[in-house]
Amino acid sequence: MNKTLKFRIVDIFYLFLIIAPLVAGMVIKVLTEPAAEGIKIAGANIFFTIPFFIQDIVITESQINSWLIIITILGICLYLTHGLKTVPGLKRQHLAEMAVEKVDALVLENMGEMFMGFSPFIAGIMILSALSSLSCLVGMYSPTSDINVTAGWAILVFILITHYKLKGGFGNYLKSFAEPVVILTPMNIISEIATPVSMAFRHYGNVLSGAVISALLGSFLGGLTKKLPGILGQIPFLRAGIPAVLSLYFDIFSGCMQAFIFAMLTMLYVSGGFPGEAYEKRMKRKIERAKKRAEAKARAAADKV
Amino acid sequence: MEIAIGLILAGCALGAGCAMIAGIGPGIGEGNAVGQACAAIGRQPESKGPVTTTLLFGCAIAETTGLYALVIAILLIFVAPQRLVNILVNALK
C-alpha cells in the first residue's frame, strides 16, 4: 500500500500522541521530585488542592499520570485503527484485529453470549491497568501503586456487579443474602463488601510490593558500591543491571498478570452474580403482562365499537 | 517522653514483622498448587496450556492474604509511627 504524505503526517501526529505523554510524565517526575537521601518510599506527591465545601479535592501525581496514560492509550488506538481496509493492507490492522478477537474470545468464554457488550470495557480496563503498572519503567509514579486508583476501579466493578444482580428483581437480590441459611446473612454481607476491598488491595499490593523491593535493592546496591575502596566507590556501577532482573518479574510480569486478573475477576463476578433464571422468569412475566394489557385494550376497543 | 516514642517505634516495627508471618500461608498454598499442576502436566502433557493459565490465576488469588499482610506492614512502618507520635505529643500537651 502506498502511503500518501497526508497519511504519513497523521501517522506522525498519532505517534507523537503516544510518546509525548510519557515524556511529559518523566519531565514532571524529574521536576517535582523532592530531594531525598537514601531510601525514599512515599505515596503520590500532591501537586495542588482545590477547595471544596465537603472535602478539599486533592490533585496528586497518580491522577495526572492516569490522564497521561489515557492519552497514550487514545494515541495507540488511533494509530492502530488508522487506515483500516476491508482487505488488510497494513501490519497494524492485523495487530488491532488480533487484539479485538482475543478479547472477544476471552469474554465469550468466561461470560457467555449475553455479555458480549462487555468486551470493550474489559479490554479498556485491561490495557489501562497494564499500562499504568508498566509506566514505572519510564520512571513515572505508577498510578496502580496508589490505593485510591485501584479502589476507584474496584468500586466501579462493584456497582456493575450490583447492577447485574438487581436485574433479577429487588426481592431476589435481598433473598440472595439469606442463602443457603438465614443465619449466614451477616457473613454474606461481609463477603459482598470484601469483594471490592480484596480486588483493590490485591492489585495495589502487588504493584506496591514490587516498587518497595526495587527501591530497597537499589539503595542497598548503591550503599554497597560506596563501601568499595578508591575510584570503584565513586560510581555506583552495581546499581546498573542487577535491579533490572527483579524489575522483569515485579514490574513487567506482575503488572501484566494483575491487569489480566483484575479483568478476569470482573468478568467472573459480573457473570457469576447474574441471576439467570430469575431474570428469565421476570422477563417472561413482563412479556405476559404486556400481552394481557394489549388483549384488554383490544377487548375494550371492541366493546366500544 | 523519649521512652514513650521509642516504645511506639518498637511496637510498630515488631507489629510489622509479626504481620509478615502471614507470608507462610500463601507460600504453602502456592507451592501446593504448583506441585499439583506439575503432576497434572506430567499425567497429561497436552493440557499444559490451560493448566498453566489456571495455575497463574489461582496463584495470584492465593497471594491475596499475603498482600493484606504486606499492606498492614507497610502502614505500620510508614504511616503509623508519625500518627501515633503526633497523638502522644498532643495528649501530653
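A salt bridge here is a side-chain nitrogen of Lys or Arg within 4 Å of a carboxyl oxygen of Asp or Glu. Arg92(A) and Asp11(A) form one, with their closest N and O atoms 2.7 Å apart. The model is predicted: local features need pLDDT of at least 70, side-chain atom pairs count only at pLDDT 80 or more, and totals for chains, interfaces and linings use all residues. Residues are numbered from 1 along each chain as its sequence is written, chains are lettered from A and ligands numbered from 1 in the order in which they are written, and side-chain values use heavy atoms, with hydrogens and water left out.

**Salt bridges**

- A search of the whole structure finds three salt bridges over all chains.
- The Arg92(A)–Asp11(A) pair links distant parts of the chain, 81 residues apart. Arg92(A) sits in helix α3 (residues 91-111) of chain A, and Asp11(A) in helix α1 (residues 5-32) of chain A. Helices (H or I, at least four residues) and strands (E, at least two) are DSSP runs, numbered from the N terminus.
- Arg92(A) counts as buried at 8% relative accessibility. Asp11(A) also counts as buried, at 8%. Buried means under 20% relative accessible area, exposed over 50%, and partly exposed in between (1.4 Å probe, protein chains only).
- Lys29(A) forms a salt bridge with Glu61(A), with the closest N and O atoms 3.6 Å apart. Lys29(A) lies in helix α1 of chain A and Glu61(A) in helix α2 (residues 61-80) of chain A, so the pair ties together parts 32 residues apart in sequence.
- Glu61(A) counts as buried, at 3% relative accessibility.
- Lys165(A) and Glu192(A) meet through their side chains in a salt bridge (3.1 Å, N to O). This pair links helix α5 (residues 147-165) and helix α7 (residues 185-226) of chain A, 27 residues apart. Both Lys165(A) and Glu192(A) are buried.

**Surface patches**

- Patches are made of residues with over 30% relative accessible area and no salt bridge. Like charges are joined within 9 Å, and nonpolar side chains (Val, Leu, Ile, Met, Phe, Trp, Tyr) within 5 Å. Accessible areas come from the Shrake-Rupley method with a 1.4 Å probe; for residues, only the protein chains shown count as cover.
- A patch of positive charge gathers Lys175(A), Lys281(A), Arg285(A), Lys286(A), Arg289(A), Arg293(A) and Lys297(A) on the surface. Lys and Arg count as positive and Asp and Glu as negative; His and the chain ends are not counted. The place of a charge is NZ of Lys, CZ of Arg, CG of Asp or CD of Glu.
- Helix α9 (residues 276-304) of chain A supplies the largest share of the positive patch, six residues. Lys297(A) lies in helix α9 and is exposed, with a relative accessible area of 65%.
- A nonpolar surface patch is formed by Leu15(A), Ile19(A), Val23(A), Met26(A), Val27(A) and Leu31(A). Together they have about 520 Å² of accessible area.
- Met26(A) is in helix α1 of chain A. Its relative accessible area is 34%, so Met26(A) is partly exposed.

**Across chain A**

- Ile12(A) lies in helix α1 of chain A and is exposed, at 57% relative accessible area.
- Ile12(A) and Ala301(A) are 289 residues apart in sequence and 67 Å apart in space, C-alpha to C-alpha.

**Chain B**

- Chain B has four helices and zero strands. From the N terminus on, its elements run α-α-α-α.
- The C-alpha atoms of chain B fill a box of roughly 70 × 15 × 10 Å along the principal axes.
- Chain B has a radius of gyration of 21 Å, whereas a compact globule of 93 residues would be near 12 Å. The radius is taken over C-alpha atoms; the globule rule is 2.2 Å times the number of residues to the power 0.38.
- Buried residues make up 26% of the 93 residues in chain B.
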